Structures are given as C-alpha cells and as structure tokens.
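Q: I'm new to this one. Can you put it up and walk me through it?

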Amino acid sequence: FICRVSPRFFYLSLFFSLLIGVANLFVDVMEIDAAQYAEMSWEMLRTGQYLEPTCLGRSYLDKPPLLFWLSSLSFQLFGVNNAAYKLPSLLFAVLAVCSVYRFAKIFYDESTARLAALLLATSQAMYMATNDVRTDTLLMGAVIFSIWQWAQFFETSQNKNLLGGSVGTGLALLAKGPIGLIAVGAAVAPHLLWKRKWKQLLDWRLLISLFIIGAMLLPMSIGLYQQHGLAGLRFYFWTQ
C-alpha cells in the first residue's frame with residue numbers, strides 16, 4: 001500500500017513542495033554561512049574576479065566556487081536580492097528530485113520511483129536547504145544527477161550518459177570538493193562489483209570522462225594557484 005503512489009497524489013505533492021521552495025526564495029538570507037556566501041557572490045559580480053573569490057575584500061580559501069559563480073550570474077540576471085541568490089540552489093533541488101525519480105526507474109517500478117522522489121522532495125531537510133542556502137544543495141543535485149547518468153551509462157553504454165555523468169561529477173567537485181567524487185564513486189563502483197560488471201570500468205571512454213572533469217576543474221585550479229599558489233591546490237585536492 002505504501003508504494004502505490006498514484007499519479008495525482010505524486011504530482012500534487014511535488015507541486016506543493018515546489019511552492020514551499022519558491023516561498024523560501026523570498027525569506028531573508030540567514031546568518032552565518034548563507035549571508036557570507038551571498039556577500040561573496042555580490043563581490044564577485046562587482047569586481048569581476050570570478051577565479052579569485054574574496055570575502056569582504058580578503059582572499060578566500062574554503063569552499064569551491066560553484067555556488068558563488070551561479071549566484072553571481074543570477075544576481076546579474078535578476079538583480080541583487082534574496083530570490084536571485086537562492087534560485088540556483090532551488091533549481092539544483094529540482095534536479096535532485098528528478099534525478100532520484102529517473103535513477104529509481106532504472107532498477108524499480110514506476111510507483112517505487114515516485115515514492116523515492118517524494119521522500120526527498122517532502123523531507124524537512126529539503127525545505128531547510130532551499131532556505132538556508134549553502135553549498136550542500138548544489139552537491140546533492142550534482143551527485144544524484146551524476147549517479148543516475150552513470151547508472152544509465154553502465155546499463156545502456158550510451159555516450160550521452162557518459163557526458164552527463166562526467167558533467168555531474170565535475171559539478172559535484174566544483175560544489176564542495178573531492179567529497180563529490182567520493183560520493184559518486186561510493187555508489188557506482190560497489191554496484192558494478194556486486195553485479196560483476198567491473199570490466200566496464202576498463203571502458204576506454206572513461207578516459208574522455210576524466211578529460212571532461214579535468215577541463216571543468218581547470219578554471220578553478222587556475223584561480224587557486226593565482227591566489228594561493230600550490231598551497232591552494234593542495235588544500236582543495238587533499239588538505240580540506
């Protein structure tokens with residue numbers, strides 16, 4: 001009974017969950033982290049220094065720049081306000097819910113996929129993440145999108161899924177560092193080993209994936225080196 005999610009209930013629940021996310025756009029940005037990241041996104045827009053993030057004019061070395069890049073772009077498109085800062089994270093939250101649904105459909109039936117998507121969309125954590133906007137919502141959306149794409153790739157071997165998985169992994173790395181790669185790998189690799197599909201890890205096209213991910217990380221890496229030298233690269237790829 002629990003898994004029998006009707007289409008009407010499914011779409012109504014998603015609609016009202018989305019309404020909560022949209023309402024959260026207009027709530028004042030919270031202290032401390034979200035306010036700091038909003039300030040940094042505004043500074044990035046004002047100075048045009050997209051490769052060298054600053055906080056109150058000082059060099060910054062903690063979180064990767066994806067949130068600042070996207071929120072700065074949103075500021076440029078929609079003005080400097082609460083909604084513009086939070087919009088990219090809301091879009092990534094929607095991406096996460098859609099990706100959970102599509103991922104579940106690969107291995108389970110339609111009703112189970114709907115239930116999985118609803119569990120995420122209606123969770124208290126999701127409502128908090130679209131209000132107190134930090135890097136975590138971007139990480140969540142990028143990770144589950146990447147896992148869905150990799151799962152589809154290893155089932156169908158389509159190049160478009162290889163591209164999607166690579167881009168998703170790159171975004172996860174840009175959202176919160178190497179934990180993004182670890183989260184994706186910890187889901188995909190054990191599945192392949194369990195299903196005895198480990199030989200698929202030898203597919204030469206995975207080298208293309210490494211190239212795509214490396215290209216996505218290149219601008220950030222250049223900025224880290226320009227701003228902090230080798231210590232900046234060491235911090236991102238290992239120390240943090």
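Q: Which helix gives the most to the lining of the largest cavity?

A: Helix 10 does, with four residues. Helices here are DSSP runs of H or I with at least four residues, strands are runs of E with at least two, and both are numbered from the N terminus. This is a predicted model, where local features need pLDDT of at least 70, side-chain atom pairs count only at pLDDT 80 or more, and totals for chains, interfaces and linings use all residues. Residues are numbered from 1 along each chain as its sequence is written, and side-chain values use heavy atoms, with hydrogens and water left out.

Q: What counts as a cavity?

A: On a 1 Å grid over the protein atoms alone, it is a set of points where a 1.4 Å probe fits but cannot get out, and lining residues have an atom within 4 Å of a point.

Q: How many cavities of 30 Å³ or more turn up?

A: A search of the whole structure finds one. The largest cavity holds about 140 Å³ of space, a volume being the space filled by probe spheres set on the points, which are joined across faces, edges and corners.

Q: Which residues lie nearest its centre?

A: Of the 14 lining residues, Lys 63, Pro 64, Pro 65, Met 220 and Leu 224 do. Helix 10 (206-228) and helix 11 (230-239) are the elements that give two or more residues to the lining.

Q: What about the classes in that lining?

A: There are 10 nonpolar, two polar and two charged residues. Ala, Val, Leu, Ile, Met, Phe, Trp, Tyr, Cys and Pro count as nonpolar, Asp, Glu, Lys and Arg as charged, and the others, Gly among them, as polar.

Q: Lys 63 again: which residue does it meet in a salt bridge?

A: Asp 62, at 3.5 Å from N to O. A salt bridge is a side-chain nitrogen of Lys or Arg within 4 Å of a carboxyl oxygen of Asp or Glu.

Q: How many salt bridges are there in the whole structure?

A: Eight. Asp 33, Asp 132 and Arg 134 are linked in a network of them. The closest N and O atoms are 2.8 Å apart for Arg 134 and Asp 132, and 3.3 Å apart for Asp 33 and Arg 134.

Q: Is Asp 132 buried or exposed?

A: Buried, because its relative accessible area is 16%. Buried means under 20%, exposed over 50%, and partly exposed in between, with a 1.4 Å probe and protein chains only. Asp 33 is partly exposed at 25%, and Arg 134 is partly exposed at 31%.

Q: New topic. Where is the cis peptide bond?

A: It joins Glu 31 and Ile 32, with omega about 5°. Ile 32 is in the loop between helix 1 and helix 2.

Q: Which residues other than glycine have a positive phi?

A: Leu 56, with phi near 55°, and Arg 196, with phi about 60°, are among them. Most residues other than glycine have a negative phi. Leu 56 sits in the loop between strand 1 (54-55) and strand 2 (58-59), and Arg 196 in the loop between helix 9 (179-194) and helix 10.

Q: Are those two buried or exposed?

A: Leu 56 is exposed, at 66% relative accessibility. Arg 196 is exposed too, at 75%.

Methods. On a 1 Å grid over the protein atoms alone, a cavity is a set of points where a 1.4 Å probe fits but cannot get out, and a pocket is an open set with protein on both sides within 12 Å along at least five of seven lines; lining residues have an atom within 4 Å of a point.
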